[in-house]
Amino acid sequence: MSGVFSTYLQLGFEHIADLNGYDHILFLVALCAVYQGHDWKKVAVLVTAFTVGHSLTLALAALDIFEVSSPLVEFLIPVTIFATSLGNTHPSALDSSAAGGFSKAMVFRYVSALFFGLIHGLGFSNFFRQMTLPGQENGLIAQLFAFNVGVEVGQLLIVGLILSLTWLSSLRISARSWNIFISGAAAGISLLLMLERFPT
Amino acid sequence: MGALAFLGPILLAHAFHVSKTMVEYKAQEKTLQVSVHLFIDDLETSLRKEGHTALFLCTDREAPRAEGLIEDYLRRHLQLRPNNREVTFTFLGKETSPDMSAVWIYLELRVPGKLRSLAIRNSLLMQAFDDQKNLVHVVGPGKKQGTFLFAGPGVEEIMIFGK
């Protein structure tokens, strides 16, 4: 593997799909918990909102337009997971999933996915910035692009896997039980991550 | 808190383990200029695993033997073979990064004749961390560039520059 594109694509993919650094995966799990297998179109819109958010801050931070302290970002990432999980238990979460469209509750979910994406993008940038090389600043855009494509491919794969599991679960349990079970688990794990990463 | 301590290793979710190395060919001097970027805590962990404690790397209290240990560690875990020949590098020095989290280590290799190929092995820090990834960027003759990602020990990459 010797091309800049393939190397940074691999880095982006492995960064999001990394089981050691599973916080981004956990966020996607929480984001998808209110949906059922056949809701994939709604999930696509929601994940796109998240992507717009994290691509924006990844680019801005990678190009040194601004910088946010990485311990704070690492702490805020589990906060976004906890907030999403908690939001999943609101009565409108299940109803809007059934009704779909652009109800007020749905729009709120899109906006929060976009906003939380901004935070995750800063997390990606903390990693990406460690992988850039001095004297290669003119190649930064190409590296950033490849890295982001890698993140998107990984994300698509993870969401596909989550929806497949959701579909499997629907054979045995109700969507409501699934949502509460998954959201509760995600909230618990994110709470532990928050405690561990509490900025000191 | 006992339960949390037990979960610690599982929940240590985002400490990523990466290093990066720049290898630049200087045609006039017939040398390869190498800069290696390592996180200080990761390097310290690796050396501790080999039995070297209390090194206080890159601090005022750094042990006098530290640089020799780093040099020896790099000889074992970063191998660069220009034109498929064993060449020993010169350790030029090291410098702490502006945010104090990492160290830049500078090495120099004499290239026997014109640089035609470069074989690279990089297993830095992989003994200490399963998820260690090492990026190597090469700028060869005629500014020909290559980027390599090492994710496991024992991997060799070869870059060919032509005649």
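Analyst: A:Arg197 and A:Asp23 are both buried, a word that stands for under 20% relative accessible area, while exposed means over 50% and partly exposed lies in between (1.4 Å probe, protein chains only). The model is a predicted one, in which local features need pLDDT of at least 70 and side-chain atom pairs pLDDT 80 or more, while totals for chains, interfaces and linings use all residues. Residues are numbered from 1 along each chain, chains are lettered from A and ligands numbered from 1 as written, and side-chain values use heavy atoms, without hydrogens or water.

The side chains of A:Arg197 and A:Asp23 meet in a salt bridge, at 3.2 Å from N to O (a Lys or Arg side-chain nitrogen within 4 Å of a carboxyl oxygen of Asp or Glu). This pair links distant parts of the chain, since A:Arg197 belongs to the segment after α8 (175–196) of chain A and A:Asp23 to helix α2 (residues 23–32), 174 residues apart; helices (H or I, at least four residues) and strands (E, at least two) are DSSP runs, numbered from the N terminus. Over all chains, the structure holds 14 salt bridges.

Another of them is formed by A:Glu14 and B:Lys133, whose closest N and O atoms are 3.5 Å apart. Because A:Glu14 lies in helix α1 (residues 4–16) of chain A and B:Lys133 in strand β7 (residues 133–139) of chain B, this pair joins two chains. The two partners fall into separate classes of accessibility: A:Glu14 is partly exposed, at 25% relative accessibility, whereas B:Lys133 is buried, with a relative accessible area of 14%.

Of the 163 residues in chain B, 50% are buried, and its C-alpha trace spans about 65 × 30 × 30 Å along the principal axes.

Within chain B, the side chains of B:Asp72 and B:Arg76 meet in a salt bridge, at 3.0 Å from N to O. Both residues lie in helix α3 (residues 66–77), 4 residues apart, which is about one turn of the helix. B:Asp72 is partly exposed, with a relative accessible area of 38%, and B:Arg76 is partly exposed too, with 36%. Elsewhere, salt bridges that share partners join B:Arg81, B:Glu86, B:Arg121 and B:Glu156 into one network.
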